Amino acid sequence: MFSGTPLKQRWTLLNKIGRGGFGEIYSALDLETKEHVAVKMERIDRHKRALVLENSIIRRLQESKHTTKFISSGRNTEYKYIVMELLGSNLWNLKKNQPNSRFTLATTIKLSVEMISAIEDLHKIGYIHRDIKPGNFGIRNSRRSKTEEGISQSYCCIFDFGLCHKYLDSDGKVKPAREKAGFRGTARYASINSHEGMELGRRDDLLSLFYMIIEMLNGELPWHRIKNQEKIYHSKKNNTNKEMCKDLPEEFTLFFEHINGLKFEDEPNYKYLRKLLTESYIKLGFDENTKYDWEINQEVKSQKRKSQKLKLKKKNSRDSKQIISSNFLEDIDKKNEIILPSLSDNNIQQINEKQLEEADETEASSSTMEVVDSSQEEADGGMESNEFDKIFKMINEDNNSQSVSTHSGMKKTSCKCIIC
Ligand SMILES: Nc1ncnc2c1ncn2[C@@H]1O[C@H](COP(=O)(O)OP(=O)(O)OP(=O)(O)O)[C@@H](O)[C@H]1O
């Protein structure tokens, strides 16, 4: 599909990382900075020009720390494209990888506070999103959490502005609602107003966010398995917010009540919503050091890796000692003369490194490794090491032992130690 020629002689497309209703997203290499970026493409002949709108919104949102950094845009004979900062996983994929496909309260609240700000920033420039869903929020690599100027940026970013709608007129006033506007968005997260074909306003983005929050916490929404849009609408009507919030801190009910009480033209109180969630976060005993779920998973994984490496190291060390001591005993039985491989620290290290590499590969394909208590391992290994040292010491300390190098590089040792 692509000629392989870098876009503007600068960005070489690598892999497809996303595909949506409006286009395709690729990771690409910036030949100038050597950094990876994201490129969103849309066919030039597409009659709905979502990418043009998206381009304009991303550029206007650059003041916000909750969106991707705009890098460039352009077109070739087949495609229009936007080059932007490459984010990490979207929230849908992150949630899917959690146990029971749900986030903890701490992670959900932290993300929600950021998402409220992202939505507020978009509203401030006069647009509503109309497609708030987990696939449209991405996590910024923490490495990039500061701009070149050193300004700290948000961890959670909003993207995909192809369905946005301008709700403010040129005087900054809310445009009057159309009688019938038609359904917009993704059925699972769309507000009831959208199902009823009403003009969507700022409240509707937040109502979609509310559904997202419930889904992040419960794993799924009551209409999760329903495909038919009409049936989803009825399920939303039948499932009261009270029911959905019943096991959650009361702040979630207050959150819903605030947005549900808004009229089309009303401005949501974003600050109040953030405050509600933050209060609940503090009450639950979390603080700024509380980690996101995937960061904890990462730590557990790396702990497992470390323990596994340690376990292998100990095993290798044990094996080499056993080989040496059993060879030693066999040989001295036979002829009062032994041949010891010259296992210098270096050799042992090389063998260990190789086996550790193999272990790493094995681990990459296995997700169910046991966590080993490394402190216990340390103690076990230490004891055997002493036994090993003892035998070696006996050999080395024997005044009568002589050693000569053979042509194969092995040490031929004539031994008269106390064991013999
Ligand atoms: N800047 C980015 N960095 C990393 N991944 C991205 C970026 N932009 C988009 N993606 C990935 O591509 C997916 C689709 O992107 P986007 O939602 O912008 O496309 P779309 O065609 O409008 O999709 P949809 O029709 O599903 O709304 C996202 O869910 C995300 O996983």
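**Exercise 1.** Find which strands each supply at least two residues of the shell around the ligand.

*Solution.* Strands are DSSP runs of E with at least two residues, numbered from the N terminus. The model is predicted, so local features need pLDDT of at least 70 and side-chain atom pairs pLDDT 80 or more, while totals for chains, interfaces and linings use all residues. Residues are numbered from 1 along each chain as its sequence is written, and side-chain values use heavy atoms, without hydrogens and water.

**Exercise 2.** State how many residues surround the ligand and how they divide by class.

*Solution.* Step two: sort the shell into eight nonpolar, eight polar and five charged residues. Here Ala, Val, Leu, Ile, Met, Phe, Trp, Tyr, Cys and Pro are nonpolar, Asp, Glu, Lys and Arg charged, and the others, including Gly, polar.

**Exercise 3.** Locate polar atoms of N90, G135 and N136 that lie by ligand oxygen atoms.

*Solution.* A polar contact is a pair of N or O atoms within 3.5 Å. For N90, a polar side-chain atom is 2.8 Å from a ligand oxygen. G135 uses a polar backbone atom, at 2.7 Å from a ligand oxygen. N136 places a polar side-chain atom 3.0 Å from a ligand oxygen.

Definitions and conventions. Polar contact = N/O pair within 3.5 Å; in protein donor to acceptor, adjacent residues only side chain to side chain. Helix = DSSP H or I, 4+ residues; strand = E, 2+ residues; numbered from the N terminus.
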